[in-house]
Amino acid sequence: MASSAAAVPFLAPPLEQLRHLAAELRSLLPQVRVGEAQETTEEFNREMFWRRLNEAAVNLSEEAKILTTLFSRLPLPSPRETQRICEQIHVAIEEIIAVYYSLPKDQGITLRKLVRSATLDIVDGMAQLLQVLVSPSPSTENSDLISCNSVSVACQQVPKIPKDNKAAALLTLTESVGFVKDALEEMEQAVEECDPYCGLLNDSEDNSDSHNDEDGVVGLPSNQDSYWSKEDQELIAPCLALVKASRASLRKIRILVAENGKKDQVAQLDDIVDICNEISPSVDNLVLSIYPPVCHLTVRINSAKLVSVLIKALEITKASHVTPQPEDSWIPLLINAIDHCRNRVKELTQHAAEL
C-alpha cells in the first residue's frame, strides 16, 4: 500500500495550480514583447498563418469559457482535473505565441506589432481570469464572467487584424488621426471656455470685497494660476495652428498611403508609420503645456519637438513611393506653414528662453 501511494504524484490544490499557471503566463509577457520572428527557410504561407492564428484564438476562447464554468461553482474540480485543464490552457497559449513568432519581419513591422498586441492581450487576459478565480470575493461571480468576456473579446479581435502591412499601416495612421483630432477638440474647447474673469463671476456676493484693490477697483481673479494671461493667449494661437497642422499632415499622409501605397514596399510603409506614431504623443505634450499656469519655456521646447517630428514625417513621406510626384506635392507648403508657427512660438517665448 505504501509503495502504491508513493507512486501517485503529489498534485497541488486546484486554486494553487491556477495561481501557478497565472504566474507562468505573466512570465511569458516580457518574452513576447521583445521576441523576434522565428528563423526558417520555408516560404511564408500567408493563408496558413492566418488560419492557424484564428484557430488558436477560437481554442483559447473556448478554454476560457470552460475554465470559468468549472471554477465559478462548488465543488471545485479535482486536482487531477485541474491539472488537465491547466495543461490544455498552457498548450493553447504556447500555440498562439508560436504562431505569432512564425510571422516574418519581411511581412512588415507594423503588421507584426498588431499581431503581437493581440497576442499580448489574449495572454494577459487569461492570466487576469486565472487571478480572479483564485481571489474569491463577494463579487467573484460577476468578476470572473467579466474576465472571461475580456479573453473572448481579445480572441474575437484576431480575425479583424489587417492581413498585410499596407492595411496595418492604414489602420495605425487612422488611429493616430483620431488621437490628434481628440487633442485638437480638447484644446479648442478649452480656448472657447476660457474666461479670464471667471474668478470674479463665480464668487459669492459676500466675498466680492476680496477682489477690490487698494483703489477700490475690481482686480484680477484671486488664483492667477487658473487662467491665461494676455501673453499666454497670444502664444496659444500658433500652438493651436501646430496641432491643426499635425491633424492635416496625418490625414494627407494617410490618403497618400491609401491611394499609392504598395503592399510589397513594407520597409517604406513601416518608416512612415514609425515617425507618424510620434506625432500624437508630441501633440499631447504641447497641448498639456498650454494649460495654466503656462511655462513659456516648456511650450517652446514642446513645440520645437512637435515641429521636428512633423517635418521629418513629411520629408520621409515625400521621399517614399507613396508620393509619386514630389515636385507637385503639397508637402512643401505644409512645411512652410509649420515653420511659420515655429518661428512665431520662438518669438513669443524668447524672453523665457533668455532667463
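Contact is taken here to mean heavy atoms within 4.5 Å. The structure is a predicted model, in which local features need pLDDT of at least 70 and side-chain atom pairs count only at pLDDT 80 or more, whereas totals for chains, interfaces and linings use all residues. Residues are numbered from 1 along each chain as its sequence is written, and side-chain values use heavy atoms, with hydrogens and water left out.

By this criterion, and not counting residues up to four places away in sequence, I338 touches L242, A245, S249, V307, L310, I311 and L314. I338 is, with C276 and I279, among the residues with the most contacts inside the largest nonpolar core, which has 47 residues. A nonpolar core is a set of buried Ala, Val, Leu, Ile, Met, Phe, Trp, Tyr and Cys residues joined through side-chain atoms within 4.5 Å; buried means under 20% relative accessible area, exposed over 50%, and partly exposed in between (1.4 Å probe, protein chains only). Two or more residues of this core are given by each of α7, α9 (230-260), α10 (266-276), α11 (279-289), α12 (296-319) and α13 (331-348), and the largest share, eleven residues, comes from α9. Helices are DSSP runs (H or I, at least four residues), numbered from the N terminus. Another core, of 45 residues, lies apart from the largest one and includes A22, L133, V134 and C155.

The loop between α12 and α13 contains T323. With a relative accessible area of 7%, T323 is buried. T323 touches L256, T317, K318, S329 and I331, again not counting residues up to four places away in sequence.

Pockets were identified on a 1 Å grid over the protein atoms alone, as open sets of points where a 1.4 Å probe fits, with protein on both sides within 12 Å along at least five of seven lines; lining residues have an atom within 4 Å of a point. Grid points are joined across faces, edges and corners, and a volume is the space filled by probe spheres set on the points. The largest pocket holds about 330 Å³. Among its 14 lining residues, E42, E43, F44, N45 and S102 lie nearest the centre, and helix α3 (residues 46-71) gives the most to the lining, with three residues. This lining comprises five nonpolar, five polar and four charged residues, where Ala, Val, Leu, Ile, Met, Phe, Trp, Tyr, Cys and Pro count as nonpolar, Asp, Glu, Lys and Arg as charged, and the others, Gly among them, as polar.

The second largest pocket has a volume of about 220 Å³. Its lining includes L114, D121, K160 and E175, and α5 contributes the largest share, four residues.
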